Amino acid sequence: MSQIKRILENEEALRTEAIEIAVLAGAIKECDVDSGTYLSCGDDDADRRAYAIGTAKIKNKELDCDRAKLMDAIKSVIDEAGEECYSCEKRRRS
């Protein structure tokens, strides 16, 4: 396996873990209709819980990754989550 492919797989695994943590914390939720689309819950306390869960997973050795990279990944998935699903909104307008 090439080094670039390995890096991409590691980044995707980190992003998947960040999504799972953010969902567990209640910071984001998956759209009921469009799988893979995540929506913001708009809860600052839940956002902080996501960071705390991520930190705990590293401290408890449930995850073997750089803490800063995980925190960045969690921030990214929370920031990227919209308030409304684009696909659902588009269907409503049609």
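In what follows, a residue counts as lining a pocket if it has an atom within 4 Å of one of the pocket's grid points. Keep in mind that this is a predicted model.

**Exercise 1. The largest pocket**

Task: Find which residues line the largest pocket, and sort them by class.

Solution: 
- Step 1. Start with the space itself: the largest pocket has a volume of about 200 Å³.
- Step 2. The lining is made of N10, E11, A13, L14, E17, L63, D64, C65, D66 and K69.
- Step 3. See who contributes: helix 1 gives the largest share of this lining, five residues.
- Step 4. Sort by class, and you get five charged, four nonpolar and one polar residue.

**Exercise 2. The overall layout**

Task: Work out how many helices and strands the protein chain has, and which pattern they follow.

Solution: 
- Step 1. Count the elements: there are two strands and four helices.
- Step 2. Walk along the sequence, and the order reads α-β-β-α-α-α.
- Step 3. For scale, the C-alpha trace spans about 45 × 35 × 15 Å along its principal axes.

**Exercise 3. Helix 1 against helix 2**

Task: Decide how helix 1 and helix 2 are oriented to each other.

Solution: 
- Step 1. Locate the pair: helix 1 covers residues 3-25 and helix 2 covers residues 44-59.
- Step 2. Their axes come within 8 Å and cross at roughly 125°.
- Step 3. Helix 1 and helix 2 are therefore oblique to each other, and their crossing is right-handed.
- Step 4. Look at who touches whom: E17, I21, A22, L24 and A25 of helix 1 meet A46, R49, A50, I53, G54 and K57 of helix 2.
- Step 5. By class, that contact holds seven nonpolar, three charged and one polar residue.

**Exercise 4. Helix 1 against helix 3**

Task: Find the crossing angle of helix 1 and helix 3, and the residues in contact.

Solution: 
- Step 1. Helix 3 is residues 67-80, and its axis comes within 8 Å of that of helix 1, crossing at roughly 65°.
- Step 2. This crossing is right-handed.
- Step 3. Helix 1 brings L14, R15, A18, I19, I21 and A22 to the contact, while helix 3 brings K69, L70, A73, I74, S76, V77, I78 and E80.
- Step 4. Sorted by class, that gives ten nonpolar, three charged and one polar residue.

**Exercise 5. Helix 2 against helix 3**

Task: Are helix 2 and helix 3 roughly parallel or roughly antiparallel?

Solution: 
- Step 1. Take the axes: they come within 10 Å and cross at roughly 150°.
- Step 2. Angles over 145 degrees count as roughly antiparallel, so helix 2 is roughly antiparallel to helix 3.
- Step 3. The handedness of this crossing is right-handed.
- Step 4. On the helix 2 side you'll find D47, A50, Y51, G54, T55 and I58, meeting R67, L70, M71, I74, K75 and I78 of helix 3.
- Step 5. The tally is seven nonpolar, three charged and two polar residues.

Key:
Residues are numbered from 1 along each chain as its sequence is written. This is a predicted model: local features need pLDDT of at least 70, side-chain atom pairs count only at pLDDT 80 or more; totals for chains, interfaces and linings use all residues. Side-chain values use heavy atoms; hydrogens and water are left out. Axes are lines fitted to C-alpha atoms, for helices over the stretch in contact, and angles run from 0 to 180 degrees between N-to-C directions. Angles under 35 degrees count as roughly parallel, over 145 as roughly antiparallel, 65 to 115 as roughly perpendicular and the rest as oblique. A crossing is left-handed if the near helix is turned anticlockwise from the far one by less than a right angle, and right-handed if clockwise. Contact means heavy atoms within 4.5 Å. Ala, Val, Leu, Ile, Met, Phe, Trp, Tyr, Cys and Pro count as nonpolar, Asp, Glu, Lys and Arg as charged, and the others, Gly among them, as polar. On a 1 Å grid over the protein atoms alone, a cavity is a set of points where a 1.4 Å probe fits but cannot get out, and a pocket is an open set with protein on both sides within 12 Å along at least five of seven lines; lining residues have an atom within 4 Å of a point. Grid points are joined across faces, edges and corners, and a volume is the space filled by probe spheres set on the points.
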